[in-house]
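Please consider the model shown here.

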Amino acid sequence: MNQRLPVQGAQGDLLRLVATGEAESRADLARLSGLAASSVSLRVEELIDAGLLAEEGSGTSRGGRRPRLLRLSPGAGVLAVADLGAHHVRLGLLDLSGTPIVVEEQPCEITDGPQRTLDRIADAFDTLLAAHVPGHVPLRGIGTGIPGPVDPATRRVVTPSRMPGWNEFPVAEHLAARYDLPILVENDANLMAAGETRCWPGRKNLMVVKAGTGIGCGVIVNGHLHRGRGAAGDISHVRVRSDSSILCACGHPDCLEAYASGAALMAALTDAGISVTRPADIVTLVNDAVPEATSLVRTAGRRIGEVLTVLVNFFNPDVVAVGGSLSAAEPLLTSIRAAVWERCLPLATRDLEIAPARAGRDAALLGAGTLLLEAALTQP
């Protein structure tokens, strides 16, 4: 059953506060929203009547009687989200709080083109819904991460690398033809950043690097995803210094992606006679102390770190979190740290933490859940 959330405005704000765990009682909602207690109580009753919230148990008293606890109703709905990679797709069904109900990974070649790929994702969603969600619980929204630049205004992919047929394809419109629901289409690194934010309490400014087949970066400013006009955080086509010259897929020479992405490292290893089929194979080679792989990964980390140096000095983040399949190779993170510590201003690095991403493989799915709930509460 597909059904849009029947709330917006102040009601939607209250539902969001409960869904994200910021509020667990009517008193919390009044304090955080600034609404009068009577207005909060009226809207909470409407949300309970709509089957979106439930009230039960007792919380901790703050001087008066113990408050009744609010939570999402089990039947409030689910969100279907996907994290699309070059050779796989990770699929998840989440409740409205962003908690995974089921997560599944399937092989999927992005070079098959947008229509075939998106239809395969939609078919997989329908299968998961039928198997794991009772028929009376509605689907509230669809979200997918794309490993390429996404225009936030049109929700179309714009000049992506290694994605033939995807340029300017109407991803949101294609999915909306099948699901009359709020649709989220977002760059995968942005989704990863939105999901990673949950894991760094008290840290409001983050740069989250995704090092996999390609290279991306999501930027969190004051706790919120910064998209710009769609290219914010795209470090893949920053020019790097090199004694040689390599032409990037974008047509310009010496982009970071042409030297430090998983695709670039796989090509270099193949040229050296070492067979690899995915970035995870590079990590295995590094862990097995294959010198060619270790050297390439160390050099890639240094190049990524040199690009990040400029951004750390400019933005002064609290955290640089490094995720993606290549992040499991320790020399990558070590070399990134060394480059940043060497070249950045002491004030920029004094309290900076450069660390592995914490949200794990489901970071992009968790981020999609957060952003999709926001879309479901605001899209008319």
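A residue is called buried under 20% relative accessible area, exposed over 50% and partly exposed in between, with a 1.4 Å probe and protein chains only. By that criterion Ser261 is buried, its relative accessible area being 0%. This is a predicted model, in which local features need pLDDT of at least 70 and side-chain atom pairs count only at pLDDT 80 or more, while totals for chains, interfaces and linings use all residues. Residues are numbered from 1 along each chain as its sequence is written, and side-chain values use heavy atoms, with hydrogens and water left out.

Ser261 lies in the loop between α7 (256-260) and α8 (262-271); helices (H or I, at least four residues) and strands (E, at least two) are DSSP runs numbered from the N terminus. Neighbours within four places in sequence aside, Ser261 is in contact with Gly212, Thr213, Gly214, Ile215, Leu256 and Leu326, where contact means heavy atoms within 4.5 Å.

Attention now turns to the sheet. Five strands form an open, mixed sheet in the order β5-β4-β3-β6-β9, two strands being paired if DSSP finds at least two bridges between them. β5 (100-107) and β9 (183-187) are the edge strands, each with a single partner, so one side of each has no neighbour in the sheet. From one strand to the next the twist averages 15 degrees; angles run from 0 to 180 degrees between N-to-C directions, and axes are lines fitted to C-alpha atoms, for helices over the stretch in contact. Within the sheet, β3 (residues 78-84) and β4 (residues 88-95) run antiparallel and are joined by seven bridges. Leu79 stands opposite Leu94 in β4.

Two helices pack on this sheet. α6 touches β3, β6 (139-146) and β9, and its direction makes about 100 degrees with that of β9. α13 touches β3, β4, β5, β6 and β9, its direction making about 130 degrees with that of β3. Of the 16 residues of α13, 13 are buried, leaving the helix mostly covered. From first C-alpha to last, α13 reaches 23 Å, close to the 22 Å expected at 1.5 Å a residue, the expected span being 1.5 Å times one less than the number of residues.

The two helices also meet each other. The axes of α6 (residues 188-196) and α13 (residues 363-378) come within 6 Å and cross at roughly 80 degrees. α6 is therefore roughly perpendicular to α13, a term for angles of 65 to 115 degrees, with under 35 counted as roughly parallel, over 145 as roughly antiparallel and the rest as oblique. Among the contact residues are Leu191 and Met192 of α6 and Leu366 and Leu371 of α13.
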